[in-house]
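Visitor: Hi, could you walk me through this one?
Guide: Happy to, here it is.

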Amino acid sequence: QVDLTESGGGLVEAGGSLTLSCTASGGEFSDYYIGWFYQGPGKEYEFVASIRRSGTATFYADSVKGRFTISRDNSRNMVYLQMTNLKPEDTAVYFCAAGRRPLQHPSSFKSFLAYDFWGQGTQVTVSP
């Protein structure tokens with residue numbers, strides 16, 4: 001298994017920026033694809049962004065395309081979510097999640113069901 005820890009959340013004004021970090025330990029980091037989700041109002045995990053094991057492909061929710069960028073540094077066991085032009089609607093607890101299933105279709109990376117290991121979350125609050 002892999003242990004994940006998120007950091008970088010905070011309070012920002014609308015239009016501001018934050019970069020979230022996900023630090024992995026306890027596993028071979030390059031074996032895992034990584035996703036960012038936020039906790040929805042119904043306790044569901046809403047997809048934000050994901051990145052393949054190699055980092056050569058990324059996927060984004062339509063609501064964050066052009067504003068958020070996911071990246072990874074396998075040499076550091078780190079994944080980042082750079083968030084710009086933040087909106088109040090982005091306010092949520094953001095979770096880093098990992099999986100190592102043999103996914104192929106891009107849509108597969110957008111489902112919380114494809115992820116087996118989760119961090120504890122980091123709060124992002126965007127004021128109007």
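Guide: We'll look at the strands and how they pair.

Visitor: Anything to know before we start?
Guide: This is a predicted model, where local features need pLDDT of at least 70, side-chain atom pairs count only at pLDDT 80 or more, and totals for chains, interfaces and linings use all residues. Residues are numbered from 1 along each chain as its sequence is written, and side-chain values use heavy atoms, leaving out hydrogens and water.

Visitor: What order do the strands take in the open sheet of four?
Guide: The order is S1-S3-S8-S7, with antiparallel pairing. Strands are DSSP runs of E with at least two residues, numbered from the N terminus, and two strands pair if DSSP finds at least two bridges between them.

Visitor: Which strands stand at the edges?
Guide: S1 (3–7) and S7 (68–73) do; each has a single partner strand, so one side of each lacks a neighbour in the sheet.

Visitor: And how many bridges pair S3 with S8?
Guide: Six, linking residues 18–25 of S3 to residues 78–83 of S8 in the antiparallel sense. Leucine 18, for instance, has methionine 83 in S8 as its bridge partner.

Visitor: New topic: is S4 mostly covered or uncovered?
Guide: Mostly covered: six of the seven residues in S4 (33–39) are buried, meaning under 20% relative accessible area with a 1.4 Å probe, protein chains only.

Visitor: Which residues does tryptophan 36 face there?
Guide: Cysteine 96 in S9 is its bridge partner, and alanine 49 in S5 stands opposite tryptophan 36. S4 runs antiparallel to S9 (92–99), joined by six bridges, and six bridges also join S4 to antiparallel S5 (45–51).

Visitor: What's in the hairpin of S4 and S5?
Guide: Five residues lie between the strands, and lysine 43 takes a positive phi near 70 degrees.

Note on methods: Buried means under 20% relative accessible area, exposed over 50%, partly exposed in between (1.4 Å probe, protein chains only).
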